[in-house]
Amino acid sequence: MDARTEEERFNAIIDDDEKIEPRDWMPEAYRKTVIRQMAQHAHSEVIGMQPEANWIARAPTLLRKAILIAKVQDEAGHGLYLYSATETLGVSRGELQELLHTGKQKYSSIFNYPTLSWADIGAIGWLVDGAAIVNQIVLQGTSYGPYARAMVKICKEESFHARQGYSIMMTLADGSDSQKAMCQDAIDRWWWPSLMMFGPHDSESAHTAESMSWKIKRKTNDELRQMFVDQTVPQARYLGMTIPDPDLEFDEESGHWKIGEIDWEEFWSTIRGDGRLNRERIAHKVKAWEDGAWVREAATAYAVKHGMKLDKSA
Amino acid sequence: MSYDVPVAPGDTPAEVQFGGGVDHGFPLWEVFVRAKRGLSHTHVGSIHASDAETAIQNARDGYTRRAEGVSVWVVPSKEIVASDDAESMFEPFEHKPYRHPTFYDIPKEVGQL
Amino acid sequence: MSTVTTRNPLAAYIVRHADDNMVIGQRLAQYISRAPELEEELAVANIALDHIGVADHLFTYAAKVEGGGRTGDDLAMLRTEREYTNLLLVEQEHDGFGELIARQFFFDAYQALLWEALADSTDDTLSGVAQRAAKEATYHLRHSSAWVIRLGDGTHESHRRIQRATDRLWRFTAEMFEADDLDRQMAADGIGVDPSTLRDAWESTVDSVLEEATLTRPEDSFQTSGGRTGVHTELLGPMLAEMQWLQRSYPGLSW
């Protein structure tokens with residue numbers, strides 16, 4: 001009979017690159033970290049609907065409108081998958097939502113920037129989703145099973161997001177002077193925030209070492225950021241657009257593009273809640289939730305009346 | 001990276017206790033999708049809904065947007081009965097190689113068996 | 001200014017149905033990120049996508065029938081409110097989920113019947129769009145009926161709200177069944193359907209759902225119309241201004 005302790009068994013699963021599943025024993029810190037990361041990922045998807053929904057009504061063609069609706073809908077769906085994965089650890093979506101609404105849990109800083117032109121919809125798809133995909137592809141190998149499975153599903157769906165964004169940018173880059181200017185302006189505003197999405201340098205990143213050893217994270221912030229830069233710079237050149245970084249240069253020796261320094265002050269102030277639209281994003285979300293209270297109460301009351309109500313306590 | 005939102009220097013993260021909060025949302029349902037005729041329904045995730053009828057609708061809207069399914073099941077999550085996944089539960093089956101056809105060496109001449 | 005979209009009767013007939021779907025699709029899309037639950041975001045977006053898809057198909061077909069060099073997007077994005085021929089019901093704003101559902105329910109019950117009838121159109125393209133749209137409308141009706149019933153038979157507050165929403169929108173329902181010369185001509189040619197023939201079935205659907213929802217069928221005898229001739233309420237103009245803004249601000253470009 002195998003007399004391994006629960007902890008030894010947990011460590012063996014991680015070492016063997018197998019997945020931790022919901023009912024497995026896990027260290028409390030692992031559980032907390034996975035919950036926090038999945039929840040913040042879910043919040044990011046849901047808050048991320050807002051900047052793009054801002055352009056649904058004004059999308060220039062019916063096809064672009066349909067694509068944008070489908071994309072924003074996917075973000076709701078991805079939020080759903082991720083909350084669902086989080087709930088496998090015995091945390092309810094209602095609880096997590098409350099933490100978002102009260103600012104106790106955060107979402108990706110990128111969604112605090114405003115969408116000011118149609119080109120921003122292209123830039124978000126190409127740069128923001130592009131950055132997200134780089135991260136999420138790696139997260140398919142994360143050690144928590146439900147999170148990894150959600151990532152597989154999300155990656156499958158999200159590849160169209162980056163492509164539709166780049167397709168918008170190609171059309172604009174190929175268009176009139178006003179469209180070209182719109183395209184460049186969007187890149188100028190979204191480039192640096194997209195790089196910030198990868199988080200602080202590894203040397204400044206408090207969670208990285210532990211998350212790496214538990215294989216929750218599989219690559220560091222700087223590694224992922226470099227992957228994104230290397231794939232994106234040639235794409236910007238193909239568009240004939242300029243990346244707003246005078247220090248950007250190709251390093252022959254390493255084969256990588258080297259970027260200038262990120263404005264970390266802007267990054268941290270956005271994380272702290274002082275980005276352009278932090279307050280508006282949360283207010284919008286809270287209002288939708290509160291406006292919907294009577295609807296949810298009605299559905300529950302109906303279920304009770306008709307004997308369809310489930311007892312939620314397991 | 002982005003989804004592991006870091007704590008700003010000088011800030012203390014809110015201490016959060018999970019699992020004890022009150023949930024004002026709808027009950028949770030597990031969703032199973034049959035990808036096409038001839039295949040079993042497979043677990044894909046969960047949704048919230050106030051009753052079975054809306055649970056089916058929500059499962060359809062949430063999990064078959066790309067025509068991933070021709071049929072869905074929903075089951076109240078609390079009705080799932082799960083094994084405890086202890087090592088004593090499934091490992092004993094790993095030591096019965098004679099249950100597998102490859103255990104037996106049969107001469108080629110014998111033909112299909 | 002011409003108030004007719006096109007002199008070709010078939011194109012005009014297709015455009016009116018495209019307009020209905022365009023406008024209600026746009027209204028639904030405005031609601032995205034404001035739903036009462038995450039699951040409902042997905043549902044509303046699916047319904048919006050169905051309507052916009054139908055509008056896109058029909059506009060493209062109408063442009064081809066018209067043969068004047070306009071595209072489907074031109075028909076959507078470059079006509080004024082006087083040239084839009086949608087029903088007044090679909091342009092009505094919603095103050096929240098209750099009105100959104102009431103509007104959708106009245107329209108879904110109508111469209112489920114309309115597409116079923118148009119599926120037999122002698123016009124192959126129209127019949128093809130209708131066959132697909134009939135399935136979509138059946139699902140839309142299932143969704144909106146389920147909500148009318150839950151809101152009506154839910155709490156005192158939800159009952160009050162959905163009753164008020166049905167009362168408010170009731171005056172736009174008779175217009176769906178008003179037949180004009182174009183409807184009659186298209187019906188006679190086997191291409192279209194005379195909407196007045198759909199009324200009884202619509203009423204029976206609506207009555208049974210309202211009854212299950214414990215709602216009172218609105219009594220308001222005042223009914224208003226004019227959408228089919230481009231005489232709208234004041235709500236369509238601002239919606240089109242927003243929807244068409246980019247195409248109007250930067251004319252003649254590709255997007």
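Predicted model: local features only at pLDDT ≥ 70, side-chain atom pairs only at ≥ 80, totals over all residues.
Which residue's side chain meets that of Arg184(C) in a salt bridge?

Figure 1. The side chain of Arg184(C) meets that of Asp181(C) in a salt bridge, with an N to O distance of 3.1 Å. Arg184(C) is partly exposed at a relative accessible area of 42%, whereas Asp181(C) counts as exposed at 59%.

Figure 2. Arg31(A) counts as buried at 18% relative accessibility, while Glu28(A), at 47%, counts as partly exposed.

**Figure 3. Salt bridge between Arg65(B) and Asp74(A).** The closest N and O atoms of this pair are 2.8 Å apart. Because Arg65(B) lies in the loop between helix H1 (52–63) and strand S3 (71–76) of chain B and Asp74(A) lies in helix H4 (residues 62–87) of chain A, the pair joins two chains. Arg65(B) is buried at 17% relative accessibility, and Asp74(A) is buried at 2%.

**Figure 4. Interface of chain C and chain B.** Ten residues of chain C are in contact with 14 residues of chain B, and the area buried between the chains is about 1200 Å², with carbon and sulfur atoms giving 49%. Glu39(C), Tyr139(C) and Arg150(C) supply 45% of the area that chain C buries against chain B. Two salt bridges are found across this interface, and Arg150(C) forms a salt bridge with Glu53(B) at 3.1 Å, N to O.

Key:
Residues numbered from 1 in each chain as written. Chains lettered and ligands numbered in written order. Heavy atoms only, no water. Contact = heavy atoms within 4.5 Å. Buried area = accessible area lost by both parts, 1.4 Å probe. Salt bridge = Lys/Arg side-chain N within 4 Å of Asp/Glu carboxyl O. Buried < 20%, exposed > 50% of the residue type's maximum accessible area, 1.4 Å probe, protein only. Helix = DSSP H or I, 4+ residues; strand = E, 2+ residues; numbered from the N terminus.
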